[in-house]
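Thanks for coming. I have one structure to walk through today, so please look at the screen.

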Amino acid sequence: MPPKAAAEEEEEEEGEIGSVPVPPNLAWTDLTLPDVQEFLATTTPEDSLEFIAKKFELSDYETNARSTITVDLYLWILSFARDAGFNEEKTSAAFTILKQTHEYATAGEGRKVEETFKEFKKLVLQHSLTGVPDHIVLFTPADVKLLTAYVTNTYMKHYRLYQYASQKEQELDQHSVTLFVCTPSDPPPLKAATQEDEVKPTEAAPEGDAAEAAPAEEEAKPAEEAEKPPEKTEQEKIAEHIEAILQQKGKVLEDDVQKRMEIKMNTMNAKLAGLGL
């Protein structure tokens, strides 16, 4: 085979630049060149979250606590790389370094932070040394300092929490409550309505008849006082009864939720205290 044809075939096997990783470089392992360019093109937090959720199949991050933590971890390392001025290759490599560090930390229960930091350091040096087998020079000393400071002040600082959230099954509380909704009763048909008699204004009585009108007014007062408000309909009584039940049930449910939250917080604080946090 001619040398030129062999070289072209070798390039085709390697693939396009930025599409597959070339050991020992971890760049393009999880994020290819187009992936990094797509993220760097995002301008809002919502676009960045959508990119990460779609790329790593974490669309349930709004309801799944573990997915939320993972999306947060990925978002901040990519945002750090962009703010630090890393190019696409450095960004992809930094992302995979932290991702593999997190996987190493959560692979075995009880793995100490010193062991995980040693693994992180090994991966960083793998991309920062020259003249050493299976090492390349991708990060400058300044890049190494920035990346190490970021991971130390974020991931390593909350190391036990990341471990606990990734390895422990989270308790789930489910409550079922039946609610009653009060609806107004149907109005009576209009054909059953009756027209009230118009009340004609009374003419002023002559002065001579004032004495006769006074007893009539006094007789009318007891009749007015005797009038009582109309009795409530059966539907109105039922509605009031249901409303009273709902208020009672709501109070019981509120007290129960409050007690459960106190138990949860006390249990969580005890577990965190046992972890030395």
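I will go through some backbone details, then the helices and the core, and end with a pocket.

One thing to keep in mind throughout is that this is a predicted model.

Let me begin with the backbone. Most residues other than glycine have a negative phi, and most peptide bonds are trans. There are a few exceptions to point out here. P23 and P24 are joined by a cis peptide bond, with omega at about 5°. P24 sits in the loop between helix 1, residues 3–14, and helix 2. That loop between helix 1 and helix 2 also holds W28. W28 is not a glycine, yet its phi is positive, about 75°. Is W28 buried or exposed? W28 is buried, and its relative accessible area is 10%.

Another positive phi turns up at E57, also not a glycine, with a value of about 55°. E57 follows helix 3, in the loop that runs between helix 3 and helix 4. E57 is exposed, at a relative accessible area of 70%.

Now the helices. Helix 2 covers residues 33–40, and its buried residues are D35, V36 and F39. Why do they line one face of the helix? Viewed down the axis of helix 2, the buried residues fall within an arc of 95°, so they share one face. As background, an α-helix has 3.6 residues a turn, so residues three or four places apart point the same way. The cover over the buried residues of helix 2 includes helix 3, at 45–55, helix 4, at 65–83, and helix 5, at 88–107.

Helix 3 has its own buried residues: S48, F51, I52 and A53. Among the elements covering them are helix 2 and helix 4.

In soluble globular proteins, nonpolar side chains tend to be buried together. In this model, the largest nonpolar core has 38 residues. Which of them touch the most other members? They are I52, I77, L78, F139, L147, V151 and Y155. At least two residues of this core come from each of helix 2, helix 3, helix 4, helix 5, helix 6 (113–125), helix 7 (141–153) and helix 8 (159–167). Helix 4 contributes the most, with eight residues.

Take V151 from that list as an example. Setting aside neighbours within four places in sequence, V151 is in contact with L98, F120 and M156.

Next, a residue in another loop. K112 is located between helix 5 and helix 6. If neighbours within four places in sequence are left out, K112 is in contact with Y159 and R160. K112 and Q163 are 51 residues apart in sequence, while their C-alpha atoms are 10.0 Å apart in space.

Last, the pocket. Rolling a probe the size of a water molecule over the atoms shows where empty space is left. The second largest pocket holds about 190 Å³ of space. How many residues line the second largest pocket? Ten do, and V177, T178, L179, K249 and G250 are the ones nearest its centre. By type, the lining of this pocket consists of six nonpolar residues, three polar and one charged.

That is the end of my walk through the model. I can go back to any part of it on the screen.

How values were computed. Residues are numbered from 1 along each chain as its sequence is written. This is a predicted model: local features need pLDDT of at least 70, side-chain atom pairs count only at pLDDT 80 or more; totals for chains, interfaces and linings use all residues. Side-chain values use heavy atoms; hydrogens and water are left out. Buried means under 20% relative accessible area, exposed over 50%, partly exposed in between (1.4 Å probe, protein chains only). Helices (H or I, at least four residues) and strands (E, at least two) are DSSP runs, numbered from the N terminus. The arc is that of the directions from the helix axis to the C-beta atoms. Contact means heavy atoms within 4.5 Å. A nonpolar core is a set of buried Ala, Val, Leu, Ile, Met, Phe, Trp, Tyr and Cys residues joined through side-chain atoms within 4.5 Å. On a 1 Å grid over the protein atoms alone, a cavity is a set of points where a 1.4 Å probe fits but cannot get out, and a pocket is an open set with protein on both sides within 12 Å along at least five of seven lines; lining residues have an atom within 4 Å of a point. Grid points are joined across faces, edges and corners, and a volume is the space filled by probe spheres set on the points. Ala, Val, Leu, Ile, Met, Phe, Trp, Tyr, Cys and Pro count as nonpolar, Asp, Glu, Lys and Arg as charged, and the others, Gly among them, as polar.
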